[in-house]
Amino acid sequence: MTFADDLAARRTPAVGVWNRLEGRPRTTDFTRALRAEIRDPLWMLTRQWQLGEFQGTDGGSPVTATYSVAQSRPSRFRPLDGPPEDLPTDRPLETMAERRKVPFTYGPEKIGFDLRVAIGRRWFKLLGKAGLLGNLVFKFEEQYANKYPIALPAKEAVTQRANPGVWATMQAVAGRRMDGYLLYIFLKGGGVADAGITTIPLLHHAALVDAGKRLVTWFDGLIDQPAGDGTWDPRRLEHRFSISAAMPDGAEKVLTAREYPGGELDWHAFSVNPGPPLGGGRPPEPRLSRTVFPAPVRYSGMPLPRWWALEDGKTNFAAVGPDSTDLARLIFLEFALVFSNDWYQLPCDLPAGTVARIRGLTVTDVFNHREWLTPAGAGPDEDWQRWSMFTLDTIGTDDVPADTDLFLPPSVPKVAVGPVLEEVLLVRDENANLVWGLEQTVRMPTGEPRRGSEAAAETVAYRSRPPATTPPAADDPPRAALSYRAMSGIPEHWIPFIPVHVPNDNREIQLQRAAMPSVVDGQPVRPRTSLLRVGFDEGQRYFVNEEEVPQSGTRVTVAYNRTRWRDGRVSLWLSAQRGEGRGQGSSGLGFDLLVKTDLPK
């Protein structure tokens, strides 16, 4: 009997314990083991054939690249359909593209008293620096306050009398402060500061004229405003403008932003306009020629070049499950997993505000083979199979070559946006077959924003007050269980837009601004925002394209924007911006209604 037989028959119980299990090397030199020597070259060749490594047509990697880039700076600007002008270089393009005039009137009523008082204070500060303030003989402060006064609003100025805070502010400044905006308009129109003021001409004239010029320069630099109507297209609810640059070949490239909603201005907001040039322009910049070293494109989760290397698990492309119709995701995965190591990047520093055109690009690989590269997006502009990135399309359907230039607009990376002064929601009301312009936020005469519903309620309450001499009406209880109402009431901050036909077209529809009767006196309700008062004071009708108000609606806001340019100069402008709406709405508008009345018991 052997020990194994005894153990199998369990004649003698035993317990086996191993506290260390390791291999015993036969040598202390691991150099040969780390070489990973190929014992079977034929197997390696077969493995390469199996993985398709023999199908490569060019295994050369780029070593150096030499390119020449021509640069041009935009120098002309045209707002919407206005006349072209020089594009200034001391402010970002957002300022020129978005700026709008600051309103100082609301129909016949004056508004913007915050700026009116601020301009007046600035004027007195300039007089103090000139040594003219505090003159006991001529009393310049009193003279200017009387010549450019701030008076209490008339009874017809409902917007200034309805709100208690606005009325209290007007009572505080009326008769005590001057309307600086009236003086600014007078000086801007060519007047002199001492016109109508009692002075000693030889002593005070030069100082007052100089102070007037300083006041105009100060306010013009405080808020950037356009000379005309600006770039805002109220019919399309977006900004439209064009810029141009003189190219190295002598031609002028015109770039047009047709649908810029405001906010972030980048290259994709522009299209090449083959129309007439804007004229003028600065000469092109000197060409940039460099020889650089290409670097492979790297991103998180890309396949590693070594066969036995493992990628990290931060980005898992295998977890992406696209459908057969999800072409964008399929193309992305094919690029990320198959062609990722075929891409290289070249360093090329270009200043902001340039139109760059590559005049030539040659690449030298590891086999000293030079290749002349042409743009991948070259070809007809209307060719749908053409592939390109960061290129601009051409307006129109003419058979023209594709534009392969790179445009870096002279914009800023960050703009500080102030509180919303005006907000309008354009919503569709399918039950009433209307589009409503909801004035969510309106600007008060003193400059601060306020809810449109609260401002409308204050106006209705003020206009509904009975005159002081009218005796209170006696109670007249209803005499029937039902009462007839011609139309349901709608809040006065809801401005209707009715569908009408486009002239000479029986099918296309546009939206026309209308008016609802007031619940107080039946007079048409006027809009209170500058967004909806387009042409109202001039007696003109206002239309909005129907396609600009989708089922989700449209939101348009007005606010001050502030940023700094590359030289540190501060730019401040009033801008309108368009965004997404909040869906459809229902006003509950109805006609010929029977309403139950509460009869007295």
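**Gln510.** I began with the neighbours of Gln510. Leaving aside residues within four places in sequence, I found Gln510 in contact with Arg235, Ile498, Pro499, Val500, His501, Val502, Pro503, Phe543, Val544 and Glu546. I am working from a predicted model. I placed Gln510 in strand S23, residues 509-513. Is Gln510 buried or exposed? Its relative accessible area is 5%, and the cut-off for buried is under 20%, so I logged Gln510 as buried. I then looked at its side chain. The side chain of Gln510 makes a polar contact with the side chain of Arg235, at 2.2 Å.

**Helix H5.** I checked the length next. H5 runs over residues 113-129, which is 17 residues. Which residues of H5 are buried? I listed Phe113, Leu115, Arg116, Val117, Ile119, Gly120, Trp123, Phe124, Leu126 and Leu127. After H5 comes Gly131, and I noted its positive phi, near 80°.

**Second largest pocket.** I recorded about 1,400 Å³ of space in the second largest pocket. Its lining takes in 50 residues; Arg100, Lys101, Gly228, Asp229 and Gly230 lie nearest the centre. Elements giving two or more residues to this lining include strand S2 (76-79), strand S4 (99-100) and helix H10 (201-222). Which element gives the largest share? I found that H9 does, with four residues. I also sorted the lining by residue class: 23 nonpolar, 11 polar and 16 charged.

Definitions and conventions:
Residues are numbered from 1 along each chain as its sequence is written. This is a predicted model: local features need pLDDT of at least 70, side-chain atom pairs count only at pLDDT 80 or more; totals for chains, interfaces and linings use all residues. Side-chain values use heavy atoms; hydrogens and water are left out. The expected span of a helix is 1.5 Å times one less than its number of residues. Buried means under 20% relative accessible area, exposed over 50%, partly exposed in between (1.4 Å probe, protein chains only). On a 1 Å grid over the protein atoms alone, a cavity is a set of points where a 1.4 Å probe fits but cannot get out, and a pocket is an open set with protein on both sides within 12 Å along at least five of seven lines; lining residues have an atom within 4 Å of a point. Grid points are joined across faces, edges and corners, and a volume is the space filled by probe spheres set on the points. Ala, Val, Leu, Ile, Met, Phe, Trp, Tyr, Cys and Pro count as nonpolar, Asp, Glu, Lys and Arg as charged, and the others, Gly among them, as polar. A polar contact is a pair of N or O atoms within 3.5 Å; within protein, one must be able to donate a hydrogen and the other to accept it, and residues adjacent in sequence count only if both atoms are side-chain atoms. Contact means heavy atoms within 4.5 Å.
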